There are 2 protein chains.
Amino acid sequence: MLKPRRASTAQRVELADLAPDLTSFLGQSACVQLGHFQTIAQAIETAPTVEARLALTRPAAVTLERYHTLVRELERREQDAAAVMARFSEGVDAFRQATAGRDWYETVITAYITAGFLDDFFARLAEGLAEPVRAVAVLSGESAEGKLVALLQAAIEADPTLASRLAMWGRRLVGDTMLIARAALVATSDRAADEAHIEPVFTELIAAHTRRMDTLGLTA
Amino acid sequence: MLKPRRASTAQRVELADLAPDLTSFLGQSACVQLGHFQTIAQAIETAPTVEARLALTRPAAVTLERYHTLVRELERREQDAAAVMARFSEGVDAFRQATAGRDWYETVITAYITAGFLDDFFARLAEGLAEPVRAVAVLSGESAEGKLVALLQAAIEADPTLASRLAMWGRRLVGDTMLIARAALVATSDRAADEAHIEPVFTELIAAHTRRMDTLGLTA
């Protein structure tokens with residue numbers, strides 16, 4: 001039987017209601033952002049052409065700058081960034097391993113889909129932080145999406161047989177991405193342990209994921 | 001028999017005398033800088049601890065910013081950056097393959113030694129550009145060296161048996177690095193094809209390399 005912790009919010013829990021303490025939030029989102037950067041760096045390493053490699057350097061810079069902004073915020077609050085991030089790095093590493101992709105195309109769609117979902121997730125979660133943090137605005141600032149979408153659209157246009165493989169990979173990705181987002185909530189919020197509470201908070205994030213796949217002409 | 005092209009400089013050729021045209025210079029040094037970035041990204045990926053990974057993010061940002069500064073300079077001159085860089089990317093890729101290292105320690109010393117040597121090389125070469133380019137100042141601006149040195153010193157202190165392996169790797173690195181620097185000259189300067197001309201220009205660069213190895217307590 002559902003046992004709401006607070007009657008008033010039992011019917012509709014927003015992601016913001018599940019926000020963790022600020023230090024956990026910053027450490028976790030910095031760790032995830034560094035993971036995005038590493039995925040893009042992997043795509044730079046395996047890029048099939050010089051043009052593709054160059055196009056990925058801007059997304060690499062954007063994710064690295066986001067990461068550094070979050071770390072500076074931890075340091076400004078006199079937190080040991082490495083120690084805070086160490087609490088989350090194992091989970092993020094395992095997630096990256098699961099979503100690494102077999103080739104450049106899969107790596108690029110991983111960068112697009114998982115960063116899109118998780119940046120969205122952390123931006124919404126941030127709305128519930130006890131204290132608003134200006135640095136968190138980076139999560140919804142300049143994004144790496146445009147360049148990634150252009151690369152993927154060109155790749156699918158050049159080889160239409162990629163579409164079904166990438167659609168399948170996209171489905172696998174959203175599963176793994178939801179799992180890490182859920183784990184992030186459970187690790188830092190008592191209320192999130194109540195499964196019935198956290199299912200609905202993902203509805204909007206999944207809708208946004210579907211739109212991202214649509215942009216590539218792929219079925220989510 | 002030595003056959004000097006210009007009698008006045010036959011006895012002593014400076015690196016700056018061998019400067020290529022500006023477009024080649026920018027494309028080649030951007031390509032090399034992107035290679036440095038990729039090596040550091042590889043070290044981030046294989047870092048043994050969260051602290052080491054975090055320490056490498058600043059060098060990654062520095063090299064990426066240098067790269068972008070050089071590319072912006074190409075674009076400002078209405079050059080197609082990808083096309084210019086494509087002329088040099090195969091050589092840089094082969095160089096990176098030869099200097100990739102077998103593990104994290106070797107990758108970090110590669111980042112330190114090859115970037116130190118080549119940034120020095122391009123900074124001196126830049127002095128001979130027909131037209132001074134302010135952007136080129138990035139090559140001797142904030143460097144990634146400090147963090148890399150600290151990581152390597154800590155690693156060698158923690159495991160002194162690393163020293164002889166890394167000293168050996170350093171010797172291998174300087175050989176490969178001189179080869180790519182020499183190839184860079186030959187590709188863009190007629191005068192450099194004269195072997196007797198380019199041997200002496202490396203003397204100061206090798207002295208600087210020896211100092212870099214000294215800093216780690218390693219024999220060059």
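**Exercise 1.** Work out through which surface the copies meet.

*Solution.* Start with the interface residues of chain A: 100% of them are also interface residues in chain B, so the copies meet through the same surface. Next, count the contacts: 24 residues of chain A touch 24 residues of chain B, where contact means heavy atoms within 4.5 Å.

A word on the model before going on: it is predicted, so local features need pLDDT of at least 70 and side-chain atom pairs count only at pLDDT 80 or more, while totals for chains, interfaces and linings use all residues. Residues are numbered from 1 along each chain as its sequence is written, chains are lettered from A and ligands numbered from 1 in the order in which they are written, and side-chain values use heavy atoms, leaving out hydrogens and water.

**Exercise 2.** Describe what chain A and chain B bury between them, and how many salt bridges they share.

*Solution.* First, the area: the two chains bury about 2000 Å² between them, 64% of it on carbon and sulfur atoms. Buried area is the accessible area (1.4 Å probe) that two parts lose on being put together, summed over both. Then, the charges: there are 4 salt bridges between chain A and chain B, each a side-chain nitrogen of Lys or Arg within 4 Å of a carboxyl oxygen of Asp or Glu. A salt bridge joins the side chains of A:Arg53 and B:Asp93 (3.0 Å, N to O).

**Exercise 3.** Which elements give two or more residues to the side of chain A that touches chain B?

*Solution.* They are helix 1 (22–46), helix 2 (50–76) and helix 3 (81–98) of chain A. Helices here are DSSP runs (H or I, at least four residues), numbered from the N terminus. Helix 2 of chain A gives the largest share, 11 residues.
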